[in-house]
Amino acid sequence: MVTRAKDGFTGTANKTIQLSGTAEELLLVNDGTSPLTFTTGVFTFTLGPGEVFDEGLDPFRELKITATGAYRGYVRDVN
């Protein structure tokens, strides 16, 4: 199994990201000083300031981020 990083993103506010294809892994870094919340499909998670999320998820094509501070990340697909 090979994973490939794609669809990198950064932001400082709410954002909905339409991916170029289906992803199964997400790397998200909260660089801000406030928590952020993200949703992929039916999975919603809150990431505290300075925390990193790097996990596999059910396949998704859209990522919704609710934030007031800086964040960055990318998704991975699995082939």
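## Strands and model

Helices (H or I, at least four residues) and strands (E, at least two) are DSSP runs, numbered from the N terminus. Leucine 28, for example, lies in strand β2.

This is a predicted model, in which local features need pLDDT of at least 70, side-chain atom pairs count only at pLDDT 80 or more, and totals for chains, interfaces and linings use all residues. Residues are numbered from 1 along each chain as its sequence is written, and side-chain values use heavy atoms, with hydrogens and water left out.

## Overall fold

The chain has zero helices and six strands. Along the sequence these follow the pattern β-β-β-β-β-β. The radius of gyration (taken over C-alpha atoms) is 12 Å, close to the 12 Å that the globule rule gives for 79 residues, so the chain is as compact as a globular protein of that length. The globule rule is 2.2 Å times the number of residues to the power 0.38. The C-alpha trace spans about 35 × 20 × 20 Å along its principal axes.

Residues are sorted here by relative accessible area: buried means under 20%, exposed over 50%, and partly exposed in between (1.4 Å probe, protein chains only). By this scheme, 41% of the 79 residues count as buried. A contact means heavy atoms within 4.5 Å. Of the contacts with a separation of 6 or more, 71% are between residues 24 or more positions apart.

## Surface and charge

The chain exposes about 4,400 Å², and carbon and sulfur atoms supply 49% of this area. Accessible areas come from the Shrake-Rupley method with a 1.4 Å probe; for residues, only the protein chains shown count as cover.

There are 7 positive and 10 negative charges, and their mean positions are 7 Å apart. In this count Lys and Arg are positive and Asp and Glu negative, while His and the chain ends are not counted. The place of a charge is taken as NZ of Lys, CZ of Arg, CG of Asp or CD of Glu.

## Salt bridges

Side chains of opposite charge can pair when their charged atoms come close. A salt bridge is a side-chain nitrogen of Lys or Arg within 4 Å of a carboxyl oxygen of Asp or Glu. The structure holds five salt bridges. One of them joins the side chains of arginine 76 and glutamate 25, at 3.0 Å from N to O. Arginine 76 lies in strand β6 (residues 71-78) and glutamate 25 in strand β2 (residues 15-30), so the pair ties together parts that are 51 residues apart in sequence. Both arginine 76 and glutamate 25 are buried. A network of salt bridges links Glu25, Asp54 and Arg76.

Another salt bridge is formed by the side chains of aspartate 31 and arginine 72, at 2.6 Å from N to O. This pair also links distant parts of the chain: aspartate 31 is in the loop between β2 and β3 (36-40), arginine 72 is in strand β6, and they are 41 residues apart. Aspartate 31 is partly exposed at 39% relative accessibility, and arginine 72 is partly exposed at 41%. The side chains of lysine 64 and glutamate 62 also meet in a salt bridge, at 3.7 Å from N to O. Lysine 64 is partly exposed, at 42%, and glutamate 62 is partly exposed, at 27%.

Leucine 28 is buried, with 0% relative accessibility. Leaving aside neighbours within four places in sequence, leucine 28 is in contact with several residues, among them Phe9, Leu36, Phe38, Leu47, Phe53 and Ile65. Leucine 28 and phenylalanine 53 are 25 residues apart in sequence, and their C-alpha atoms are 5.1 Å apart in space.

Strand β2 also holds glycine 21, which is buried at 11% relative accessibility. Beyond its neighbours within four places in sequence, glycine 21 is in contact with Lys6, Asp7, Phe60 and Arg61. Glycine 21 and phenylalanine 60 are 39 residues apart in sequence and 8.5 Å apart from C-alpha to C-alpha.

Most residues other than glycine have a negative phi. Aspartate 7 has a phi near 55°, a positive value in a residue other than glycine. Aspartate 7 lies in strand β1 (residues 3-11) and is partly exposed, with a relative accessible area of 24%.

Valine 42 lies in the loop between β3 and β4 (43-47). At 85% relative accessibility, valine 42 is exposed.
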